[in-house]
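Me: I have a model open and want to go through a few local features. Can you take my questions as they come?

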Amino acid sequence: SFNLSVASSLMLQRLFDWCPDARGDLVTSQPEAASKLRKEWFSELTRNPTAAQAMSHWLAHPDEVEPLADLRRPDGDERISWVPRKIKKREAAALEGRELPEKKRGGGGGTPADGRGV
């Protein structure tokens, strides 16, 4: 499978083969370039004035931006999923031991085995 991630990794590998100096941490090696890049990206990410204000504060004070501690859900937190009404009715009927009548679908066909349609 030659998808986007594989193509990207192959491109990065060639880049590092051609220019080994491109490896490393941009923040420690070139702080001005990192600041400029951060400003460009943050301006692209903001869609409203509130987000732009927060981004400008983070640009001025990059040490105040803390990484998130733990993104996992707390223990016992059950995931609630959305199920369409039609599926809920079928599941309820199946649990009660009864079957719902099948809806007739358009087309008037049949199967090739019964000779009524193809």
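Me: Which helix gives the most to the nonpolar patch?
Reply: α3 does, with three residues. Helices here are DSSP runs of H or I with at least four residues, numbered from the N terminus. This is a predicted model, where local features need pLDDT of at least 70, side-chain atom pairs count only at pLDDT 80 or more, and totals for chains, interfaces and linings use all residues. Residues are numbered from 1 along each chain as its sequence is written, and side-chain values use heavy atoms, with hydrogens and water left out.

Me: Which residues make the patch?
Reply: Leu 26, Leu 37, Trp 41 and Leu 45 make a nonpolar surface patch of about 390 Å².

Me: What separates the C-alpha atoms of Leu 37 and Leu 26?
Reply: 9.9 Å, with the two residues eleven apart along the chain.

Me: Changing topic: which helix has the lowest mean pLDDT?
Reply: Helix α2 (residues 26-29), at 72, while helix α1 (residues 4-18) has the highest, at 90. pLDDT is the predictor's confidence in each residue, from 0 to 100.

Me: And what does the protein chain average?
Reply: A pLDDT of 77, with 78% of the residues scoring at least 70.

Me: What is at the start of α4?
Reply: A side-chain oxygen of Asn 48 comes to within 3.2 Å of the backbone nitrogen of Thr 50.

Key. Helices (H or I, at least four residues) and strands (E, at least two) are DSSP runs, numbered from the N terminus. A polar contact is a pair of N or O atoms within 3.5 Å; within protein, one must be able to donate a hydrogen and the other to accept it, and residues adjacent in sequence count only if both atoms are side-chain atoms. Patches are made of residues with over 30% relative accessible area and no salt bridge: like charges are joined within 9 Å, nonpolar side chains (Val, Leu, Ile, Met, Phe, Trp, Tyr) within 5 Å. Accessible areas come from the Shrake-Rupley method with a 1.4 Å probe; for residues, only the protein chains shown count as cover. A salt bridge is a side-chain nitrogen of Lys or Arg within 4 Å of a carboxyl oxygen of Asp or Glu.
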